[in-house]
Amino acid sequence: MRVFVAGATGALGRQLVPQLVASGHEVVGMTRDEAKGEIVRGMGARPAIADALDPEAVGRAVSEADPETIVNQLTALSGPFDPRHLDRVFALTNRLRTEGTDHLLSAGRAVGVRRFVAQSFAGWPFARVGGPVKTEEDPLDPDPPRAVRSTIAAIRYLEETVAGATWTEGVVLRYGGFYGPGTGFAIDPPGDQVEMIRARKFPIVGGGSAVWSFIHIEDAATATVAAVEHGRPGIYNIVDDDPAPVSEWLPVAAEAVGAKRPRRLPRWLGRIAAGETATVMMTELRGASNAKAKRELGWRPRYESWRQGFAGGLG
(Lines give C-alpha, C1' and ligand atoms only; values in the text may rest on other atoms or scores of the structure.)
Protein backbone atom coordinates (compact mmCIF):
# COMPACT_ATOMS: atom_id res chain seq x y z
CA MET A 1 0.00 0.00 0.00
CA ARG A 2 1.00 3.64 -0.16
CA VAL A 3 2.23 4.74 3.29
CA PHE A 4 3.00 8.30 4.36
CA VAL A 5 5.43 8.44 7.30
CA ALA A 6 5.67 11.76 9.16
CA GLY A 7 8.90 11.92 11.14
CA ALA A 8 10.69 9.63 8.72
CA THR A 9 14.21 10.62 9.80
CA GLY A 10 13.71 10.28 13.56
CA ALA A 11 15.10 7.35 15.54
CA LEU A 12 12.04 5.20 14.89
CA GLY A 13 11.46 6.49 11.39
CA ARG A 14 14.92 5.36 10.32
CA GLN A 15 14.06 1.83 11.42
CA LEU A 16 10.48 1.88 10.18
CA VAL A 17 10.86 3.22 6.64
CA PRO A 18 13.31 0.50 5.47
CA GLN A 19 11.10 -2.20 7.01
CA LEU A 20 8.03 -0.87 5.21
CA VAL A 21 9.95 -0.70 1.93
CA ALA A 22 11.26 -4.25 2.42
CA SER A 23 7.67 -5.40 2.97
CA GLY A 24 6.75 -4.08 -0.47
CA HIS A 25 5.01 -0.84 0.45
CA GLU A 26 5.36 2.41 -1.47
CA VAL A 27 6.60 4.88 1.15
CA VAL A 28 6.70 8.66 1.25
CA GLY A 29 8.72 9.99 4.16
CA MET A 30 8.06 13.50 5.45
CA THR A 31 10.91 15.51 6.93
CA ARG A 32 11.31 19.21 7.61
CA ASP A 33 14.87 19.58 6.30
CA GLU A 34 15.80 19.46 2.61
CA ALA A 35 19.13 17.86 3.51
CA LYS A 36 17.38 14.97 5.23
CA GLY A 37 15.48 14.25 2.05
CA GLU A 38 18.55 12.37 0.88
CA ILE A 39 18.34 10.18 3.98
CA VAL A 40 14.77 9.32 3.04
CA ARG A 41 15.85 8.45 -0.52
CA GLY A 42 18.66 6.32 0.87
CA MET A 43 16.08 4.27 2.76
CA GLY A 44 14.22 3.54 -0.47
CA ALA A 45 11.37 6.03 0.01
CA ARG A 46 10.31 9.27 -1.66
CA PRO A 47 10.86 12.41 0.43
CA ALA A 48 8.23 15.03 1.17
CA ILE A 49 9.62 18.25 2.64
CA ALA A 50 7.19 19.95 5.02
CA ASP A 51 7.05 21.52 8.47
CA ALA A 52 4.57 19.48 10.49
CA LEU A 53 3.32 22.66 12.19
CA ASP A 54 2.45 24.28 8.84
CA PRO A 55 -1.03 22.97 7.94
CA GLU A 56 -0.85 24.09 4.30
CA ALA A 57 2.54 22.41 3.76
CA VAL A 58 1.30 19.20 5.39
CA GLY A 59 -1.85 19.29 3.30
CA ARG A 60 0.14 19.63 0.07
CA ALA A 61 2.55 16.85 1.02
CA VAL A 62 -0.22 14.41 1.91
CA SER A 63 -2.30 15.35 -1.15
CA GLU A 64 0.64 14.72 -3.50
CA ALA A 65 1.43 11.39 -1.81
CA ASP A 66 -2.24 10.28 -1.82
CA PRO A 67 -1.57 7.58 0.79
CA GLU A 68 -3.80 4.80 2.03
CA THR A 69 -2.17 4.96 5.48
CA ILE A 70 -0.54 7.76 7.46
CA VAL A 71 1.96 6.98 10.22
CA ASN A 72 2.59 9.81 12.67
CA GLN A 73 6.03 9.45 14.28
CA LEU A 74 6.54 13.15 14.96
CA THR A 75 8.74 14.02 17.93
CA ALA A 76 11.41 16.59 18.70
CA LEU A 77 13.41 14.90 21.42
CA SER A 78 16.86 16.43 21.51
CA GLY A 79 19.02 18.07 24.13
CA PRO A 80 19.68 17.06 27.74
CA PHE A 81 17.08 15.21 29.78
CA ASP A 82 15.94 17.51 32.61
CA PRO A 83 13.38 15.86 34.92
CA ARG A 84 12.75 19.14 36.76
CA HIS A 85 11.47 20.77 33.56
CA LEU A 86 10.09 17.94 31.45
CA ASP A 87 7.29 20.02 30.00
CA ARG A 88 9.94 22.44 28.76
CA VAL A 89 12.00 19.59 27.27
CA PHE A 90 8.89 18.18 25.56
CA ALA A 91 7.33 21.51 24.56
CA LEU A 92 7.87 21.10 20.81
CA THR A 93 7.01 17.40 20.92
CA ASN A 94 3.77 18.31 22.69
CA ARG A 95 2.90 20.72 19.86
CA LEU A 96 3.64 17.99 17.35
CA ARG A 97 1.39 15.58 19.28
CA THR A 98 -1.47 18.07 19.24
CA GLU A 99 -1.18 20.56 16.37
CA GLY A 100 0.89 18.23 14.18
CA THR A 101 -1.56 15.38 14.68
CA ASP A 102 -4.48 17.67 13.82
CA HIS A 103 -2.76 18.76 10.60
CA LEU A 104 -2.08 15.18 9.53
CA LEU A 105 -5.61 14.06 10.38
CA SER A 106 -7.11 16.95 8.43
CA ALA A 107 -4.94 16.21 5.41
CA GLY A 108 -5.64 12.50 5.69
CA ARG A 109 -9.37 13.05 5.84
CA ALA A 110 -9.20 15.18 2.70
CA VAL A 111 -7.63 12.34 0.72
CA GLY A 112 -9.59 9.57 2.44
CA VAL A 113 -6.86 7.59 4.19
CA ARG A 114 -8.02 4.19 5.38
CA ARG A 115 -5.76 3.95 8.44
CA PHE A 116 -3.99 6.43 10.70
CA VAL A 117 -1.26 5.10 13.03
CA ALA A 118 0.18 7.38 15.72
CA GLN A 119 2.99 7.22 18.26
CA SER A 120 2.15 7.47 21.96
CA PHE A 121 4.04 6.51 25.11
CA ALA A 122 3.58 3.85 27.80
CA GLY A 123 6.23 5.13 30.19
CA TRP A 124 4.60 7.82 32.33
CA PRO A 125 0.88 8.19 31.71
CA PHE A 126 -0.71 5.35 33.70
CA ALA A 127 -2.45 6.07 36.99
CA ARG A 128 -0.08 5.31 39.85
CA VAL A 129 -2.47 3.05 41.75
CA GLY A 130 -3.21 -0.66 41.72
CA GLY A 131 -0.95 -3.33 40.31
CA PRO A 132 2.51 -2.79 38.80
CA VAL A 133 1.61 -3.66 35.17
CA LYS A 134 -1.18 -1.98 33.23
CA THR A 135 -3.22 -2.89 30.16
CA GLU A 136 -4.75 -0.62 27.54
CA GLU A 137 -7.99 -0.65 29.55
CA ASP A 138 -6.43 0.91 32.65
CA PRO A 139 -6.87 4.66 33.23
CA LEU A 140 -4.24 7.31 32.71
CA ASP A 141 -2.98 9.38 35.64
CA PRO A 142 -5.66 11.92 36.62
CA ASP A 143 -3.19 13.96 38.68
CA PRO A 144 0.32 13.77 37.19
CA PRO A 145 3.28 15.65 38.71
CA ARG A 146 3.29 19.33 37.83
CA ALA A 147 6.41 19.18 35.63
CA VAL A 148 4.85 16.63 33.28
CA ARG A 149 1.19 17.73 33.17
CA SER A 150 1.37 19.38 29.75
CA THR A 151 3.20 16.39 28.32
CA ILE A 152 0.63 13.89 29.56
CA ALA A 153 -2.19 16.19 28.43
CA ALA A 154 -0.69 16.15 24.92
CA ILE A 155 -0.46 12.35 25.00
CA ARG A 156 -4.06 12.11 26.16
CA TYR A 157 -5.15 14.49 23.37
CA LEU A 158 -3.37 12.47 20.68
CA GLU A 159 -4.82 9.18 21.91
CA GLU A 160 -8.38 10.44 22.20
CA THR A 161 -8.26 12.22 18.86
CA VAL A 162 -6.78 9.35 16.85
CA ALA A 163 -8.57 6.44 18.53
CA GLY A 164 -11.82 8.42 18.48
CA ALA A 165 -11.76 9.19 14.76
CA THR A 166 -14.85 7.75 13.11
CA TRP A 167 -13.88 8.33 9.46
CA THR A 168 -10.68 6.25 9.51
CA GLU A 169 -9.14 3.32 11.37
CA GLY A 170 -7.26 5.06 14.17
CA VAL A 171 -4.45 3.03 15.73
CA VAL A 172 -2.41 4.33 18.70
CA LEU A 173 0.87 2.62 19.62
CA ARG A 174 2.07 3.24 23.17
CA TYR A 175 5.76 2.49 22.95
CA GLY A 176 7.85 1.67 25.99
CA GLY A 177 11.14 3.37 26.69
CA PHE A 178 13.26 3.24 23.54
CA TYR A 179 16.78 1.88 23.50
CA GLY A 180 19.12 0.94 20.68
CA PRO A 181 20.64 2.81 17.69
CA GLY A 182 19.68 6.45 17.38
CA THR A 183 17.95 6.67 20.77
CA GLY A 184 18.96 8.31 24.04
CA PHE A 185 19.94 4.88 25.36
CA ALA A 186 22.59 3.80 22.85
CA ILE A 187 26.36 3.49 23.03
CA ASP A 188 27.53 4.21 19.48
CA PRO A 189 27.33 7.14 19.66
CA PRO A 190 26.37 7.39 23.34
CA GLY A 191 22.93 8.84 24.00
CA ASP A 192 22.08 11.34 26.73
CA GLN A 193 20.71 8.65 29.07
CA VAL A 194 23.92 6.64 28.72
CA GLU A 195 25.98 9.74 29.48
CA MET A 196 23.91 10.34 32.62
CA ILE A 197 24.38 6.74 33.78
CA ARG A 198 28.12 6.91 33.15
CA ALA A 199 28.33 10.18 35.08
CA ARG A 200 26.33 8.58 37.93
CA LYS A 201 23.62 11.20 37.52
CA PHE A 202 20.90 8.55 37.23
CA PRO A 203 20.51 7.31 40.83
CA ILE A 204 18.11 4.80 42.33
CA VAL A 205 15.77 6.90 44.46
CA GLY A 206 14.03 5.38 47.45
CA GLY A 207 13.53 1.69 46.86
CA GLY A 208 13.58 2.11 43.09
CA SER A 209 10.14 0.49 43.02
CA ALA A 210 8.79 2.25 39.89
CA VAL A 211 8.15 -0.27 37.11
CA TRP A 212 9.43 0.61 33.64
CA SER A 213 8.68 -1.05 30.32
CA PHE A 214 11.18 -0.99 27.46
CA ILE A 215 11.22 -1.73 23.75
CA HIS A 216 14.17 -1.99 21.39
CA ILE A 217 13.86 0.52 18.55
CA GLU A 218 13.89 -2.24 15.91
CA ASP A 219 11.13 -4.12 17.71
CA ALA A 220 9.10 -0.91 17.87
CA ALA A 221 9.41 -0.67 14.09
CA THR A 222 8.30 -4.27 13.47
CA ALA A 223 5.23 -3.69 15.65
CA THR A 224 4.46 -0.55 13.66
CA VAL A 225 4.65 -2.45 10.37
CA ALA A 226 2.20 -4.99 11.83
CA ALA A 227 -0.14 -2.16 12.83
CA VAL A 228 0.07 -0.63 9.34
CA GLU A 229 -0.72 -3.92 7.66
CA HIS A 230 -3.47 -5.37 9.85
CA GLY A 231 -3.93 -3.45 13.09
CA ARG A 232 -7.53 -3.06 14.21
CA PRO A 233 -8.55 0.39 15.49
CA GLY A 234 -7.61 1.03 19.09
CA ILE A 235 -4.68 1.41 21.47
CA TYR A 236 -1.79 -1.05 21.83
CA ASN A 237 1.07 -1.19 24.33
CA ILE A 238 4.28 -1.87 22.38
CA VAL A 239 6.69 -3.10 25.04
CA ASP A 240 8.80 -6.15 25.75
CA ASP A 241 7.76 -9.08 27.94
CA ASP A 242 9.66 -7.97 31.04
CA PRO A 243 8.43 -4.87 32.91
CA ALA A 244 10.81 -4.35 35.80
CA PRO A 245 11.47 -2.04 38.76
CA VAL A 246 14.22 0.55 38.53
CA SER A 247 16.17 -1.21 41.29
CA GLU A 248 16.41 -4.24 38.98
CA TRP A 249 17.08 -2.81 35.52
CA LEU A 250 19.26 0.23 36.28
CA PRO A 251 22.26 -1.70 37.71
CA VAL A 252 22.13 -3.98 34.64
CA ALA A 253 22.01 -0.95 32.36
CA ALA A 254 25.02 0.58 34.15
CA GLU A 255 27.01 -2.60 33.67
CA ALA A 256 26.02 -2.78 29.99
CA VAL A 257 27.40 0.71 29.29
CA GLY A 258 30.57 0.27 31.34
CA ALA A 259 29.50 2.50 34.23
CA LYS A 260 29.86 2.16 37.97
CA ARG A 261 26.86 0.95 39.92
CA PRO A 262 24.24 3.69 40.29
CA ARG A 263 24.10 5.70 43.47
CA ARG A 264 21.24 5.24 45.91
CA LEU A 265 19.39 8.16 47.43
CA PRO A 266 16.60 8.20 50.00
CA ARG A 267 13.37 9.58 48.63
CA TRP A 268 13.57 12.84 50.56
CA LEU A 269 17.04 13.54 49.19
CA GLY A 270 16.05 12.54 45.68
CA ARG A 271 13.21 15.05 45.83
CA ILE A 272 15.66 17.79 46.79
CA ALA A 273 18.34 16.77 44.28
CA ALA A 274 16.21 16.01 41.22
CA GLY A 275 12.68 17.19 41.96
CA GLU A 276 9.33 15.54 42.57
CA THR A 277 8.83 14.28 39.00
CA ALA A 278 12.14 12.41 38.94
CA THR A 279 11.30 10.93 42.34
CA VAL A 280 7.93 9.71 41.06
CA MET A 281 9.66 8.23 38.00
CA MET A 282 11.90 6.23 40.32
CA THR A 283 9.29 5.13 42.85
CA GLU A 284 5.71 5.15 41.49
CA LEU A 285 5.47 4.51 37.73
CA ARG A 286 3.63 1.48 36.40
CA GLY A 287 4.72 -0.78 33.57
CA ALA A 288 2.68 -2.03 30.61
CA SER A 289 1.48 -5.37 29.30
CA ASN A 290 2.02 -6.31 25.64
CA ALA A 291 -0.56 -9.13 25.64
CA LYS A 292 -3.00 -7.28 23.36
CA ALA A 293 -0.35 -6.39 20.78
CA LYS A 294 0.89 -9.97 20.67
CA ARG A 295 -2.63 -11.33 20.38
CA GLU A 296 -4.14 -8.89 17.89
CA LEU A 297 -1.13 -7.77 15.85
CA GLY A 298 0.52 -11.19 15.73
CA TRP A 299 3.73 -9.49 16.85
CA ARG A 300 6.60 -10.75 18.97
CA PRO A 301 9.60 -8.66 20.02
CA ARG A 302 12.99 -9.98 18.98
CA TYR A 303 14.34 -8.83 22.34
CA GLU A 304 11.81 -10.38 24.70
CA SER A 305 13.55 -8.74 27.66
CA TRP A 306 15.63 -5.64 28.19
CA ARG A 307 18.19 -8.04 29.70
CA GLN A 308 18.93 -9.41 26.23
CA GLY A 309 18.59 -6.01 24.62
CA PHE A 310 20.96 -4.19 26.96
CA ALA A 311 23.54 -6.95 26.44
CA GLY A 312 23.39 -7.05 22.64
CA GLY A 313 21.24 -4.27 21.24
CA LEU A 314 22.75 -0.96 22.30
CA GLY A 315 25.24 -0.62 19.43
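The lining of the largest cavity is made up of eight nonpolar, one polar and two charged residues (Ala, Val, Leu, Ile, Met, Phe, Trp, Tyr, Cys and Pro count as nonpolar, Asp, Glu, Lys and Arg as charged, and the others, Gly among them, as polar). Its residues are L86, W124, R128, D141, P145, V148, I152, T277, V280, M281 and L285. Before we go on, please note that this is a predicted model, in which local features need pLDDT of at least 70 and side-chain atom pairs count only at pLDDT 80 or more, while totals for chains, interfaces and linings use all residues. Residues are numbered from 1 along each chain as its sequence is written, and side-chain values use heavy atoms, with hydrogens and water left out.

What is a cavity here? On a 1 Å grid over the protein atoms alone, it is a set of points where a 1.4 Å probe fits but cannot get out, whereas a pocket is an open set with protein on both sides within 12 Å along at least five of seven lines; lining residues have an atom within 4 Å of a point. The largest cavity has a volume of about 70 Å³, where volume is the space filled by probe spheres set on the points, with grid points joined across faces, edges and corners. There are three cavities of 30 Å³ or more. Helix 11 (residues 276–283) gives the most to the lining of the largest cavity, namely three residues.

Now look at the second largest pocket, with its volume of about 340 Å³. Of the 19 residues that line this pocket, P83, K201, F202, P203 and A274 are the closest to its centre. Its lining divides into 13 nonpolar, one polar and five charged residues. Helix 10 (267–274) and helix 11 each supply at least two residues of that lining.

Let us step back to the whole chain. It has 13 helices and 15 strands; these are DSSP runs numbered from the N terminus, with helices being H or I of at least four residues and strands E of at least two. The radius of gyration of the chain is 19 Å, close to the 20 Å that the globule rule gives for 315 residues, so the chain is as compact as a globular protein of that length (the radius is taken over C-alpha atoms, and the rule is 2.2 Å times the number of residues to the power 0.38). Along its principal axes, the C-alpha trace spans about 55 × 40 × 35 Å. Of the 315 residues, 55% are buried, where buried means under 20% relative accessible area, exposed over 50%, and partly exposed in between (1.4 Å probe, protein chains only).

Ten of the 14 residues in helix 8 are buried, including I217, D219 and V228.

Finally, visit some loops. D66, in the loop between helix 3 (55–65) and strand 4 (69–72), has a positive phi of about 50° although it is not a glycine. A cis peptide bond, with omega about 0°, joins D188 and P189, and P189 lies in the loop between strand 8 (177–179) and helix 7 (192–198).
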